[in-house]
Structures are given as C-alpha cells and as structure tokens.
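Grab a viewer, and let's go topic by topic.

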Amino acid sequence: MDNLFTHMHDNLKPLAEKMRPSNLDGFVGQRHILGEGKLLRRLIQAKKVPSCIFYGPPGTGKTTLARIIAETACAKFVMLNAISSGVADVKAVIEEAKKTFEMYGKKTYLLLDECHRWSKTQSDSLLAVLESGQIVLIGSTTESPNYSMTRAIVSRCTLFEFRQVGAEDIKKALKRALTAPNGLKDYNITIEEEALDYFASACGGDVRSALNGLELGALTTPVNGAGEIVITKETAVECLQKKALSLNDDNFYHILSAFCKSLRGSDATAALYYANRLIEAGCEPQLLARRTIAHASEDCCSAKALNTACNALFVLNNLGMPEGNLALTQAIIEVCEAPKTNKVVVAMGMAIDDARNHPDDNIPDYLKNHTEASKKYKYPHDYGGWVEQQYLPDSLKDRDYFPKK
C-alpha cells in the first residue's frame with residue numbers, strides 16, 4: 001500500500017531500477033533464449049517456467065527476467081541473496097510458500113541472487129520443496145553453475161545462459177530512459193549521438209552500467225542558457241570512467257588482426273606491441289586475453305599455453321590493470337613461443353563431420369555397457385597400459401584424426 005513516503009522512495013531509486021521492465025515487450029537482449037519460438041519465451045507465455053538457473057555477466061537482465069516471470073505467472077515473488085541469507089531464511093520462505101500455496105493456490109518464485117555462494121547445507125534445505133513444486137527456484141549467478149553449484153540443485157534446474165547485451169539493444173534502453181516519465185523525461189536532456197553510442201558500446205554489454213552512466217551525466221551536467229542539459233561524448237567518457245576507444249572501427253580491427261596473426265606467427269615482440277597499442281587506445285584487455293586463449297588451442301595444441309592464457313583472463317578479471325597486464329604479457333609470450341600446429345582444429349573438424357554423417361553407426365559390442373560381449377573387452381592396464389583394440393565403429397575404423405608423428 002502506498003504511503004506518504006512511497007513517491008519519495010521511488011525518486012531515490014537509481015535510474016536502472018526505475019527503468020526495470022515489467023513485461024517481455026520491454027525486455028532487451030537475450031534473443032537466443034527469448035526470441036519468438038525459443039524455449040524460455042514459450043515457458044513464460046505458458047506460465048510453466050520450471051526451476052532454473054540464469055548465469056552470465058552482470059547487467060544482462062537476470063533479475064529483471066525473474067521478476068517478469070513471477071509477474072506473468074501471477075505468483076508470489078521473493079528475493080534472497082546467497083551471501084547474506086542462511087538456512088533459517090530459506091526455512092522461513094518455505095513455510096510462507098506453503099501457506100500461500102494452501103490458502104491461495106499460488107506458487108512462490110524464489111530468486112536466489114549470487115546462488116553459487118550457497119553451501120551444500122543451504123542448497124539441500126531447498127530440495128524437498130523444489131520436488132513438491134510449491135517453490136520455483138530461479139538462481140542468478142555470474143559463474144557457470146556446472147562447476148560452482150551442488151549437483152543436486154543443478155540437476156533439478158534448467159540452465160539458461162545470459163550473454164552481454166548488444167549495443168543496439170542498450171541504445172533502445174537508453175532512449176527509453178530519456179523519454180520515460182519515470183525516467184529522465186523531465187530533465188530536458190539533449191544527448192549527442194556519439195555520447196549515446198559510447199554509453200552503448202563502452203559499458204561491456206551491461207545495461208545497468210550504461211543507465212548508471214547516463215544518470216550520472218544527467219545529474220552532474222549543468223543546465224545551459226537554453227535550459228537544456230547537453231550530454232557530450234566527453235561527459236559520457238567521464239561518467240563511465242572508461243577510456244574512450246581512440247580508433248575507428250577499421251583501424252581497431254586491423255590492429256586486432258595484426259595481433260592475432262603475430263600470435264600465430266610466433267612473433268612475441270609484434271604481438272605485445274599490437275596488444276599494448278590496443279590497450280592504450282582503450283580496448284578492454286580481457287578481449288585480448290580471450291583471443292590469446294583461442295590461439296592457444298587453435299595454433300599451439302599446448303596444454304601449458306592454454307593454461308597460461310586462461311590464467312591471464314582470470315588475473316585480469318580479479319586483479320585488474322595494470323597488474324593484470326603482466327599476466328597477459330606472460331600468456332602472449334607463452335603462446336608465441338609454443339610450437340605451432342593446427343592439429344586440434346583439423347581433428348575437431350573431422351570428428352564433427354563424422355559425428356554428423358555417421359550418427360547411427362554401431363560401436364563394437366565389447367565396448368558396450370554390461371553386456372555378454374563386453375567381457376571380451378581388453379583392459380589396457382592388464383597389458384601394460386596399452387593393447388591393440390578397435391574402438392571406432394567398423395565404418396570408421398581406419399580414421400585417424402590426430403596422427404602420431
């Protein structure tokens with residue numbers, strides 16, 4: 001129920017919270033799971049969303065979509081944060097959910113934010129009520145649930161991966177905020193197209209970050225003589241606190257291409273030069289780390305190079321710059337100095353092709369699980385670690401995706 005302070009409290013909310021959409025029509029991004037005909041959209045429209053886990057980068061709509069799901073299903077919505085909640089909080093939600101279900105026939109949708117932080121004990125406290133269907137769990141996390149959460153919970157949930165929101169979708173959200181009555185409509189804002197583009201592209205696919213930057217620009221830019229708040233690209237750069245990319249698209253991709261080809265060509269000096277040109281121009285170093293990871297597999301077939309490259313991305317995400325550049329430099333040097341081979345790419349391509357063209361070919365009987373014929377299987381350790389034996393189906397028995405030298 002509204003009271004004297006409701007309007008005041010609404011005004012104090014951040015712009016990102018005010019602009020949180022209440023239905024699918026206002027939701028931006030995630031077309032791979034919410035486009036017409038996609039599974040999650042069909043489930044929402046049918047009001048049949050099961051317990052699920054949303055995982056992906058921050059600011060991509062995980063919490064917003066959970067609220068929309070509960071609203072569409074006319075269900076009760078409860079939110080807990082795994083960092084600050086314990087078993088007692090879960091039990092209280094369960095008891096209240098049982099009462100709501102018994103009295104009104106309503107399910108309770110429980111959004112568990114940062115769900116990867118839950119312990120096994122906390123997770124186990126939900127298992128029984130998830131089976132009953134009185135509570136539908138929607139977990140929200142930036143981590144992959146397959147390795148960060150207990151298997152008991154994951155096995156009872158459908159997983160949906162959220163991706164960074166595209167620049168065009170973020171621009172839609174920004175333009176809506178500029179014209180919405182509960183947004184910035186009353187501020188009489190004029191925003192340069194370059195500033196709008198910058199907010200949309202430099203926020204890293206995070207809608208919340210873009211809206212926060214826009215709100216900072218609106219609140220801190222003085223009104224000019226015409227009574228307008230003019231937000232320029234310079235204002236946008238300051239509000240997002242990220243360096244503007246000082247390259248046009250063509251030059252950016254030319255230098256990135258030179259970086260990738262230098263990695264493949266084993267020229268560490270050139271690769272480091274191009275990497276740091278990009279960083280100095282405002283490129284996110286994580287992008288370079290991800291490209292280095294790709295080349296470690298594509299061009300090196302080296303577990304050491306791949307591990308070093310993956311660790312560089314981990315360090316950048318957790319330590320930041322400039323210290324993270326040391327780890328990135330180490331990874332670039334490792335990938336450049338590793339012997340080059342594209343065996344992994346060739347083997348993967350051949351395996352995919354055969355898997356698609358020979359999906360029903362019979363495997364040898366002695367490789368099957370617990371059959372009379374499986375007794376003929378030769379256990380390699382009984383033969384010193386290796387024994388001559390056919391593993392592929394007869395139609396593929398002469399294939400060799402990864403020939404030994």
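T292 is a buried residue, because its relative accessibility is 1%, under the 20% cut-off for buried. Keep in mind that this is a predicted model. T292 lies in helix α16, and leaving aside its neighbours within four places in sequence, T292 is in contact with F259, L263, A309, L328, A331, I332 and V335.

**Helices α17 and α18**

- Let's start with how a helix pair gets described: we give the angle between the two axes and the distance between them.
- The axes of α17 and α18 come within 8 Å of one another and cross at roughly 165°.
- That angle is over 145 degrees, so α17 counts as roughly antiparallel to α18.
- As for handedness, α17 passes α18 in a left-handed crossing.
- On the α17 side, the contact is made by K304, A305, T308, A309, A312, V315 and L316.
- On the α18 side, look for G324, N325, A327, L328, Q330, A331, E334 and V335.
- Sort the residues of this α17 with α18 contact by class and you get 9 nonpolar, 4 polar and 2 charged.

- I279 sits in helix α15, which covers residues 268–280.
- Is I279 buried or exposed? I279 counts as buried, because its relative accessibility is 12%.
- Not counting residues up to four places away in sequence, I279 touches P285, L288, M321, N325 and L328.
- One of those partners, M321, is joined to P322 by a cis peptide bond, with omega at about 5°.
- Why flag that bond? Because most peptide bonds are trans.
- P322 has its place in the loop between α17 (303–319) and α18 (324–337).
- For a sense of distance, I279 and C157 are 122 residues apart in sequence and 40 Å apart in space, going C-alpha to C-alpha.

- S266 isn't a glycine, yet its phi is positive, at about 65°.
- You'll find S266 in the loop between α14 (249–264) and α15.
- S266 has a relative accessible area of 37%, so S266 is partly exposed.
- C301 is also a residue other than glycine with a positive phi, near 55°.
- C301 is found in the loop between α16 (285–300) and α17.
- C301 counts as partly exposed, because its relative accessibility is 31%.

**Helix α10 and its two partners**

- First up is α11: the axes of α10 (residues 167–179) and α11 (residues 193–202) come within 8 Å and cross at roughly 120°.
- That angle makes α10 oblique to α11.
- α10 passes α11 in a right-handed crossing.
- A167, I170, K171, L174 and K175 of α10 make the contact with E193, L196, D197, F199 and A200 of α11.
- What classes of residue does the contact of α10 with α11 have? There are 6 nonpolar, no polar and 4 charged residues.
- Next comes α12 (residues 207–220): the axes of α10 and α12 come within 10 Å and cross at roughly 35°.
- α10 passes α12 in a right-handed crossing too.
- Here I170, A173, L174, A177 and L178 in α10 meet V207, A210, L211 and L214 in α12.
- The residues of the α10 with α12 contact divide into 9 nonpolar, no polar and no charged.
- I170 and L174 turn up in the contact with α11 and in the contact with α12.

**Cysteines**

- A disulfide is a covalent bond between the sulfur atoms of two cysteines.
- How many disulfides does the structure hold? The count is 0.
- C203 is in no disulfide, and the nearest cysteine sulfur, that of C239, is 13 Å away.
- C203 is buried, because its relative accessibility is 3%.
- C300 is in no disulfide either, and the nearest cysteine sulfur, that of C336, is 8.2 Å away.
- C300 counts as buried, because its relative accessibility is 4%.

How values were computed:
Residues numbered from 1 in each chain as written. Predicted model: local features only at pLDDT ≥ 70, side-chain atom pairs only at ≥ 80, totals over all residues. Heavy atoms only, no water. Disulfide = S-S within 2.5 Å. Buried < 20%, exposed > 50% of the residue type's maximum accessible area, 1.4 Å probe, protein only. Axes fitted to C-alpha atoms, helices over the stretch in contact; angles between N-to-C directions. Helix = DSSP H or I, 4+ residues; strand = E, 2+ residues; numbered from the N terminus. Parallel < 35°, antiparallel > 145°, perpendicular 65-115°, else oblique. Left-handed = near helix turned anticlockwise from the far one by under 90°. Contact = heavy atoms within 4.5 Å. Nonpolar A, V, L, I, M, F, W, Y, C, P; charged D, E, K, R; others polar.
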